[in-house]
Amino acid sequence: MKYIDLPSLIPDHQWPIYERVMKTATKRRIPYALGGALAMGAYTDRWRPCKDIDMYVLPADKDRMMRVFSDCGLTDYYDQVPYDRRWIFRGYQAETNCIVDAIWAMANMRAHVDEGWLTRGREFRTEGITFRVLPPEELIWSKLYVMQRERCDWPDVLNIMYSTAPTLDWHLLLSR
């Protein structure tokens with residue numbers, strides 16, 4: 001298990017919220033894996049500041065995770081910026097401009113998070129918290145479909161593939 005200095009990647013005023021959400025989810029035994037910029041950095045060693053945290057959860061745990069967000073002082077971001085609630089819940093705290101996403105499916109509804117998303121990724125620890133990041137195969141898979149006029153995740157896909165190609169489970173990735 002490797003140590004990551006997460007607080008250095010996250011604005012000081014937001015880290016306490018992320019820390020509280022992660023610790024509360026762990027205490028309530030809600031399995032999750034982090035995606036986004038944190039997972040990218042875990043596999044590419046190219047760390048970038050986070051604008052939010054993506055917590056991938058099983059569809060059966062989405063309501064429990066929403067309660068964690070609420071109990072940690074986050075409200076539904078939908079009133080600020082409407083989004084598709086079929087696959088994601090966005091928790092928001094206005095005072096810190098902090099966003100935490102609970103994701104249980106892909107935006108195109110082609111797949112739902114399953115146990116493999118949450119158990120096969122690398123494990124890390126920071127500031128008394130142990131957590132997993134998405135496995136590289138699921139990280140690639142989730143980013144393949146993000147290609148919009150204002151955002152494209154394909155450079156991330158190429159960087160993950162470059163960094164993990166020798167160890168990727170290509171059969172799993174292709175079967176997904």
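# Strands, sheets and overall form of a predicted model

Q: Which residue of strand 6 is the bridge partner of I53?
A: The structure is a predicted model, in which local features need pLDDT of at least 70 and side-chain atom pairs count only at pLDDT 80 or more, while totals for chains, interfaces and linings use all residues. Residues are numbered from 1 along each chain as its sequence is written, and side-chain values use heavy atoms, with hydrogens and water left out. Strand 3 (53-56) is joined to strand 6 by four bridges, and the two run parallel. Within strand 6, I53 is partnered by V100.

Q: How many helices and strands does the protein contain?
A: Both kinds of element are DSSP runs numbered from the N terminus: helices are H or I runs of at least four residues, and strands are E runs of at least two. On this basis, the protein has seven helices and eight strands.

Q: What is the strand order of the open sheet of five strands?
A: Two strands are taken as paired if DSSP finds at least two bridges between them. In general, strands of a sheet pair through backbone hydrogen bonds, either parallel or antiparallel. In this sheet the pairing is mixed, and the order is 2-3-6-5-4.

Q: Why is strand 5 described as largely enclosed by the rest of the structure?
A: Buried means under 20% relative accessible area, exposed means over 50%, and partly exposed lies in between (1.4 Å probe, protein chains only). Both faces of strand 5 are covered, with I88, R90 and Y92 on one side and F89, G91 and Q93 on the other. Strand 5 (residues 88-93) is largely enclosed because the number of its six residues that are buried is six.

Q: Which residue in the turn between strand 5 and strand 6 has a positive phi?
A: These strands form a hairpin with four residues between them. The positive phi, about 50 degrees, belongs to N97.

Q: Which residue of strand 8 is the bridge partner of F124?
A: The open sheet of three strands has the order 1-7-8 and mixed pairing, with strand 1 (2-3) and strand 8 (129-132) at its edges. Strand 7 (residues 123-126) pairs with strand 1 in the parallel sense over two bridges, and F124 stands opposite K2. With strand 8, strand 7 pairs in the antiparallel sense over four bridges. There, F124 is partnered by F131.

Q: Which residues form the uncovered face of strand 7?
A: F124 and T126 make up the covered face of strand 7. The uncovered face consists of E123 and R125.

Q: Is R46 buried, partly exposed or exposed?
A: R46 lies in the loop between helix 2 (36-44) and strand 3. Not counting residues up to four places away in sequence, R46 touches G41 and N159, a contact being heavy atoms within 4.5 Å. Its relative accessible area is 44%, which means that R46 is partly exposed.

Q: What radius of gyration does the protein have?
A: The radius is taken over C-alpha atoms, and the globule rule is 2.2 Å times the number of residues to the power 0.38. For 176 residues, a compact globule would come to a value near 16 Å. The value for the protein agrees with this, at 15 Å.

Q: What share of the contacts with a separation of 6 or more joins residues 24 or more positions apart?
A: Buried residues make up 52% of the 176 residues, and the C-alpha atoms fill a box of roughly 40 × 35 × 30 Å along the principal axes. Of the contacts with a separation of 6 or more, the share joining residues 24 or more positions apart is 61%.
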